[in-house]
Amino acid sequence: MIYFDNSATTKIDPQVLQTYQTVANQFWGNPSSLHHLGDQALQMLQSARQQIADLMHCQADEIFFTSGGTEGDNWVLKGTAMAKREFGRHLIVSSIEHPAVLNSAKQLEKLGWDVTYLPVDSHGYVHAADVKKALRKDTVLVSVMGVNNEIGTVQPIQEIAEVLQDRPTIHFHVDAVQTVGKNLFDQVLPERVDFATFSGHKFHGPRGVGFVYIKKGRKLATLITGGGQERNWRNGTENVPAIAAMSKAFRLVLTDETQKAAQQMAMRQKLLTALQAMPDITIFSPTTGPAAPHILCFALSGVRGETMVHALEEHDIYLSTTSACSSRTGDESGTLKAMQVPEKLATSAVRISLDDQNTMAEVDQFLKVFPQVYQRFQHMNGRVD
């Protein structure tokens, strides 16, 4: 089996699964309980928080655990809107954000907030000049993802940070879900970033757990109220085994990160070179400019994305259409639509997404199989005699 759908989810690492099982069996107390079992669980929780903070080069009390990226994005947008509503009701988000951001923004619009959706160019990049142009006196939040999950553009977060440098009251949020293990933190998490969201299952951790970095001094309204967990910012009994396992996964994926990212980029480049040589293949991912090392989005003209996905599945090769969150609906990619890609071509898009566990041998096998699938579709479409 060749698994090229890592931007949708990654396989949990065996060491991470072992950590989950050990903590679940040995540290099963409620960390809010006052007895010894509770203290053990609390110490495990705080140890995981400190490990993530150390890897993020921040303070432990700037890390808050959630159920994943979707909750984190919802919390930052809605929490900012609620906490800062007396200072302004204007939000700025890019038009190619994950649905967790875009749908939160649309929900806030229905509740009376004003939202500016930043355009992207034909290559899928946001421009800092457009952020500057969109700023208003009542702007309270700018949210731009670090890496686009559909085509892999690395957004100019540093340039946007410079635009916001003299506007310290505006919250700056980066959806960093697709950045972990890609050697991109220096590019997408400059000092000016106030909030960053992460999801454990994107880097070989368990599903249903994530974390948000919240810069000290920044405020968010609490969305989930309850018994005072996470310093009363995000309530609910903490999933200590999953949090400990995610912390382990985070450490493992960041070990030798530069080398791992370079290996992924080499695989991406080999795939890109081969696909560019094929007629009727359109590449949507960046071929020049800042690009994530693990995402390559392309289309074979005249073949719907889901058709290509299932054709490759017959060869035990697994990739996806664009975003896994919307792939079953058959809708046009939101990112490609924002790039003004014609709908017929956009619905043909498929995405290869790599990670550190993929190999060049798998790439070579894909490049043996894909030309066969390509030729079959070309014959069906009457493009080959």
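The model is predicted, so local features need pLDDT of at least 70 and side-chain atom pairs count only at pLDDT 80 or more, while totals for chains, interfaces and linings use all residues. Residues are numbered from 1 along each chain as its sequence is written, and side-chain values use heavy atoms, leaving out hydrogens and water.

Let's start with the sheet. It's open, with three strands in the order S9-S10-S12 and antiparallel pairing; strands (E, at least two residues) and helices (H or I, at least four) are DSSP runs numbered from the N terminus, and two strands pair if DSSP finds at least two bridges between them. Strands S9 (281-283) and S12 (349-353) are the edges, each pairing on one side only. S10 (residues 295-300) and S12 share five bridges, and Phe298 has Val350 as its bridge partner in S12.

Now the rings. There are 12 aromatic pairs in the structure, counting Phe, Tyr and Trp (its six-membered ring) with centres within 6.5 Å; planes under 30 degrees apart are stacked, over 60 edge-to-face and the rest tilted. Here are two of the pairs:

| Pair | Centres | Planes | Type |
|---|---|---|---|
| Phe211 and Phe250 | 5.4 Å | 80° | edge-to-face |
| Phe370 and Tyr374 | 6.4 Å | 40° | tilted |

Phe211 sits in strand S8 (residues 210-214) and Phe250 in helix H8 (residues 240-254), 39 residues apart. Phe370 and Tyr374, on the other hand, both lie in helix H13 (residues 360-380), about one turn apart. Ring pairs also link Phe4, Phe298, Phe366, Phe370 and Tyr374 into a cluster.
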